[in-house]
Amino acid sequence: MKISLNWLRDFVDIPANLSAKELGEWVTKHTAEVEEVADEASAFKHMVIGQIQSIKKHPDADKLRVCKVNDGNAIRQIVCGAPNARAGIYVVLATEGVCIPTNGMKIKQA
């Protein structure tokens, strides 16, 4: 069974300075065996939340659109293939150089 550390903190008072690994070792010694401690969030640490400011059809592709996305620091022009993208929504933004954890694709400028 996988358990989120944040979920566990809702029910148990865990010292803030205790790492997930240290907590796993403590639980193994005192209650049940912890097989693995995985930091799932680290794969997403270089991604930010952005807001789509505007969107228009890509001039050279039927299924792509050109979005202007505000990442909090700058407005970026991004080509997007998501059919549900629309102006005003907040999106997860993987900037240039970020590797997508689900498929290994590295984001590059094109």
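The 14 positive and 13 negative charges of the protein chain have mean positions that lie 13 Å apart, where Lys and Arg count as positive, Asp and Glu count as negative, and His and the chain ends are not counted. The place of each charge is taken as NZ of Lys, CZ of Arg, CG of Asp or CD of Glu.

The model is a predicted one, in which local features need pLDDT of at least 70 and side-chain atom pairs count only at pLDDT 80 or more, while totals for chains, interfaces and linings use all residues. Residues are numbered from 1 along each chain as its sequence is written, and side-chain values use heavy atoms, with hydrogens and water left out.

**Overall form**

The protein chain has two helices and four strands, arranged along the sequence in the pattern α-α-β-β-β-β; helices (H or I, at least four residues) and strands (E, at least two) are DSSP runs, numbered from the N terminus. The C-alpha atoms fill a box of roughly 60 × 25 × 20 Å along the principal axes. The radius of gyration of the protein chain is 20 Å, whereas a compact globule of 110 residues would have one near 13 Å; this radius is taken over C-alpha atoms, and the globule rule is 2.2 Å times the number of residues to the power 0.38.

Of the 110 residues, 19% are buried. Among contacts (heavy atoms within 4.5 Å) between residues at least 6 apart in sequence, 29% join residues at least 24 apart.

D71 is found in the loop between β2 (65–70) and β3 (75–80), and T95 in the segment after β4 (90–94). Both are listed below with their relative accessible area, for which buried means under 20%, exposed over 50% and partly exposed in between (1.4 Å probe, protein chains only).

| Residue | Relative accessible area |
|---|---|
| D71 | 12%, buried |
| T95 | 17%, buried |

Not counting residues up to four places away in sequence, D71 touches V48, I49, G50, R76 and L93. The side chains of D71 and R76 are joined by a polar contact of 2.7 Å, a polar contact being a pair of N or O atoms within 3.5 Å, of which, within protein, one must be able to donate a hydrogen and the other to accept it, and residues adjacent in sequence count only if both atoms are side-chain atoms. A polar atom of the D71 side chain also lies 2.7 Å from the backbone nitrogen of N73.
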